[in-house]
Amino acid sequence: MGGVYSGRFSRAKEKGNYLKPIELIDNIFILGGPEITDSRDGCVYLISLEELILIDSGAGWSVDKIIRNIEKIGLDPKNLSKILLTHCHIDHIGGVPEIKRRFRPKIYIHALDAPAVEKGDPALTASTWYQTQFPPTPVDVKFNFSEEVLSVGEKKIVCLHTPGHTPGSICIYLDLNGKRILFAQDLHGPLLDEFGSSLEDWDHSTRKLLELDADILCEGHFGIYKTKKDVGDYIHSYRRQYGVE
Ligand SMILES: [Zn+2]
Ligand SMILES: [Zn+2]
């Protein structure tokens, strides 16, 4: 199943060409992902408020394209202040060392997923799946609580600890212009022992996400869901697939 852009995503893939970055709603962009930058990338989102905040960074091969896409939408990558990492897997963290080297954004991740990034652990980052290596990379801020709020001007970006896929997975949401936008990258799993996944945690986390009643879901691999009903249906479909409802 796919979100509203998934049809366009697959057509782009068939043609072997890439889509342009898209503004999903005022100030929120999709800059990268399987059909935008590189088939190995998890989706890369940008929040453009008083500062530029990236959510995830692709698998590492597409940093030039991600930066070019920031410029294409008329923004200056020098204003990148933060990268919020939803979890420690290579398709989400791979671009961090190079983006950090060029623009010095602060790197945020949950404390439970931080060691994999700091050690460049090949199993926990899943870099072996992608036949690559991830260099040990320091992070700047480690989340420790079930909910952490980042203030950007008047706006609040909420980082929720949502373990399940990995122990330190987070989901991020913010309310903008009357809409609640939820970034839930690998909400769909998979749940694997080698990732330290937990079905019990995942059940609890996805219940919390349903309670948010988000208007828009920005997913990590399958696109964007743009109504409350589509967001709910998406989460419920995986809850049924994992046998928790
Ligand atoms: Zn992923
Ligand atoms: Zn993952």
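Select helix H7, residues 228–241: at 1.5 Å a residue its 14 residues should span 20 Å, and its end C-alpha atoms are 20 Å apart, which agrees. The expected span is 1.5 Å times one less than the number of residues. Helices (H or I, at least four residues) and strands (E, at least two) are DSSP runs, numbered from the N terminus.

This is a predicted model, in which local features need pLDDT of at least 70. Residues are numbered from 1 along each chain as its sequence is written.

Within H7, colour Val 231, Gly 232, Tyr 234, Ile 235, Ser 237, Tyr 238 and Arg 239, which are buried (under 20% relative accessible area, 1.4 Å probe, protein chains only). These residues pack against helix H6 (199–212), strand S12 (216–219) and strand S13 (224–225).

Next, show H6 beside H7. Their axes, lines fitted to C-alpha atoms over the stretch in contact, lie 10 Å apart at an angle of about 165°. That makes H6 roughly antiparallel to H7 (angles over 145 degrees between N-to-C directions, on a scale from 0 to 180).

Now display the side chains at this contact (heavy atoms within 4.5 Å). From H6, Trp 202, Asp 203, Thr 206, Arg 207, Leu 209 and Leu 210 meet Gly 232, Ile 235, His 236, Tyr 238 and Arg 239 of H7.

Move to the loop between S12 and S13 and pick Gly 223. Gly 223 counts as buried because its relative accessibility is 0%.

Finish just after H7 at Gly 243, where phi is positive, about 75°.

Methods: Chains are lettered from A and ligands numbered from 1 in the order in which they are written. This is a predicted model: local features need pLDDT of at least 70, side-chain atom pairs count only at pLDDT 80 or more; totals for chains, interfaces and linings use all residues. Side-chain values use heavy atoms; hydrogens and water are left out. Buried means under 20% relative accessible area, exposed over 50%, partly exposed in between (1.4 Å probe, protein chains only). Angles under 35 degrees count as roughly parallel, over 145 as roughly antiparallel, 65 to 115 as roughly perpendicular and the rest as oblique.
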